[in-house]
Amino acid sequence: MTDPTILVLSSLAGGDKHGYAMMEDIERFAGVRLGPGTLYGAITRLEERGWIAPVKAEDRRQPYTITGAGREVLREQLGDMGLIVSAGRRRLGDA
Amino acid sequence: MRRVLQLLARLYPAEWRARYGAEYAALLEERDAVWRDVVDVAWAAVKLWATSWSFVRVVLPCVLAGGLVAVALLFAMPMRYSSQTVVTVMSTYEPPKLVDESGQTVVLAHERHEPQDRLFFNMTEASFDRDYLASVIHEKNLYPRERASMPPDDVIEKMRRAIRVIPVARSRSADEDLSSYAVQFDYADPHVAQQVDRALISRLMIFTLRSAIKRTATPSSAHEVFRVDEAPSFPLKPAGPNRIELGAIGLFGGLVCGVVVSALAGSRLGRVAAVGLVLLGTVGGVAARGQDVVHASGPLPSFEVATIKPDRGGPPPPPMPVSNEFRNFNVTARDLVRVAYGLPPSVSSTRVFGGPGWIDSNRYDVVGKIPDAAFASMQKLPARERGKQISLMLQALLADRFKLMVHFETREMAIYELVVAKGEAKLTLAKEVPTGLPLPPPGNPPRPEDMRQGLMVLRKAPGVMEMTAKGQTLDALAQQPFFSLGSPVVNKTGLTDKYDFVLDWSPDQAGADVLTDAASLFTALQEQLGLKLVQTKGQVEVVVIEHIELPSEN
């Protein structure tokens, strides 16, 4: 659940963000404090795969947006995670 | 902190910096940095380099860096020169005699001298005691740098490790029983190595003669008791550090680092290579672990009667007419533990750890009678198995009288691996030995051609040794005391058959006073048997004393 690529995609699914905004957002919704190196390692991989793309920057801070392919991948990944989460909850008797 | 992160960011690949550099710098400026970020930013740089380069491009610089470190170490490490003296001593040990199928009393050649070796090793340990070594260190001004930075006992231990005693030759006739040993001393200065070796031999001679006067009824002359065959040699070439070995360690270390970095950076080839290295290490460790130490696999057999007495320094009792006895005189408790667990004698490295101080200072005479039924059944066993049975009886005796408790550990130690050299091993499978073959009458000097099965080492000529083996496995060869070069030897040839072979070599070509055509042991093994000794580090099983008490009354 702490895979940086999933966290970045999830953050961008809520709107375009630059690096610092992504880190703040991820810390808020997932409680995970990504390091700068880890964040930009994930951004590099995601952009190479075409799952995120840079949008017009107003200053040195570069915002990114999630692409259609990125949304599909995120949906698949979250679906798989959802299966695991619901199975785990069922077995714990929580659902 | 922010400045550190910005400096680290410059380590990222130029191509990456051209694309992301400005926005990354903006992020580092905006964010409140913590120390964990330093590691994060640095590790990301390593990963980016590793992923942008191929496996070979990551590993190759690491291997080269390892090689450079090895070269730097080679220049930083002092040279080691080894001076050697060959001495011959009269045996005070009467070997046990075994009854052959034909009813003759015989002694197998390769068993004959092991107790004599132990006596001699004990003698060297007693001669080169702490006080004596301390006086030599002071007198010759040895190890000045170490003395300034290390406790005196550690310096003495360092000197003790620089002394090696190796059995090199045996000869026996009806009138005399002689064994020869090479006493070597290693030091950074060849002149000092020779001087100290000479001093060690003088000390050893005095000790041996004193002991002989106490033990032997009438030695007709000192020359019969202790003889210097080859004077302390002046080492012309350094004995170490081994350039090839150090270079190989550096390159291999670099390879391991490169593979680890590549695997952590996500390279599939790197992961495969890392798994391969781990498997290699595990197999090597397991193979080395299994050697030597005698483990009990059931209830321990015991001696019928046994006595342990403090050694008074007097003459040993006369040999028994029928020697179904284990007899070991003037030995320390540590030495008894070593024998009980089947470990070879060596002054330079021990594999028995722990225990109070008295186990190295108190000396004992031990005699144990092997029960008749056990003795009879032992005659049907191979020599090595007979040795194991006696070791197990000694384990039972030590547990009973010394209340000895031990456990086994695996520790990393310097070892030699015996491997097949390039091509094939030049070994001949052993011929089948006819069981009823008559042997020469006891008392005659043993000749390799008379030996049915076993291993014999004789001095063929000055400075040349000849080893004759019949029906011997390479495991047995690797575990011969004369073969242990201060470190355990592990058979890694994968060959398990029994072989007949002859090996001629010169014990120390570099330092020998007599120049011969014979090759060094290392070269001889390769040229004559197609085998190679490779020095490395390995996991070696050792015995750790948990509890030991002064022996109870008989």
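User: In this predicted model, which residues of H7(B) and H9(B) meet?

Analyst: From H7(B) come Arg130(B), Leu133(B), Ala134(B), Val136(B) and Ile137(B). From H9(B) come Asp153(B), Val155(B), Ile156(B), Met159(B) and Arg160(B). Sorted by class, this contact has seven nonpolar, no polar and three charged residues.

User: Why is H7(B) called roughly perpendicular to H9(B)?

Analyst: Start with the angle. The axes of H7(B), residues 130-139, and H9(B), residues 152-161, cross at roughly 90°. Angles of 65 to 115 degrees count as roughly perpendicular. The crossing angle falls in that range, so H7(B) is roughly perpendicular to H9(B). These two axes come within 10 Å.

User: What describes the packing of H3(A) and H3(B)?

Analyst: Two packed helices are described by an angle and a distance between their axes. For H3(A), residues 36-48, and H3(B), the angle is about 35° and the axes are 7 Å apart. Pro36(A), Gly37(A) and Thr38(A) make the contact from H3(A). Asp37(B), Asp40(B), Val41(B) and Ala44(B) make it from H3(B). The classes here are three nonpolar, two polar and two charged residues.

User: What makes Arg19(B) and Glu47(A) a salt bridge?

Analyst: Check the distance. Their closest N and O atoms are 2.8 Å apart. The cut-off is 4 Å, between a side-chain nitrogen of Lys or Arg and a carboxyl oxygen of Asp or Glu. The pair is an Arg and a Glu within that limit, so the name applies. The rule finds four salt bridges across the interface of chain B and chain A. The polar contacts there count 13 residue pairs.

User: Which elements of chain B supply the side that touches chain A?

Analyst: Helix H2(B), residues 14-30, and helix H3(B), residues 35-52, each give two or more residues. H2(B) gives the most, with 12 residues. By class, this side of chain B has 12 nonpolar, no polar and nine charged residues.

User: How many residues are in contact, and how much area is buried between the chains?

Analyst: 21 residues of chain B are in contact with 19 residues of chain A. The buried area is about 1700 Å², and carbon and sulfur atoms give 52% of it. In chain B, Glu23(B), Glu30(B) and Arg31(B) lose the most area to chain A. Together they account for 33% of what that side buries.

How values were computed
Residues numbered from 1 in each chain as written. Chains lettered and ligands numbered in written order. Predicted model: local features only at pLDDT ≥ 70, side-chain atom pairs only at ≥ 80, totals over all residues. Heavy atoms only, no water. Contact = heavy atoms within 4.5 Å. Buried area = accessible area lost by both parts, 1.4 Å probe. Polar contact = N/O pair within 3.5 Å; in protein donor to acceptor, adjacent residues only side chain to side chain. Helix = DSSP H or I, 4+ residues; strand = E, 2+ residues; numbered from the N terminus. Nonpolar A, V, L, I, M, F, W, Y, C, P; charged D, E, K, R; others polar. Axes fitted to C-alpha atoms, helices over the stretch in contact; angles between N-to-C directions. Parallel < 35°, antiparallel > 145°, perpendicular 65-115°, else oblique.
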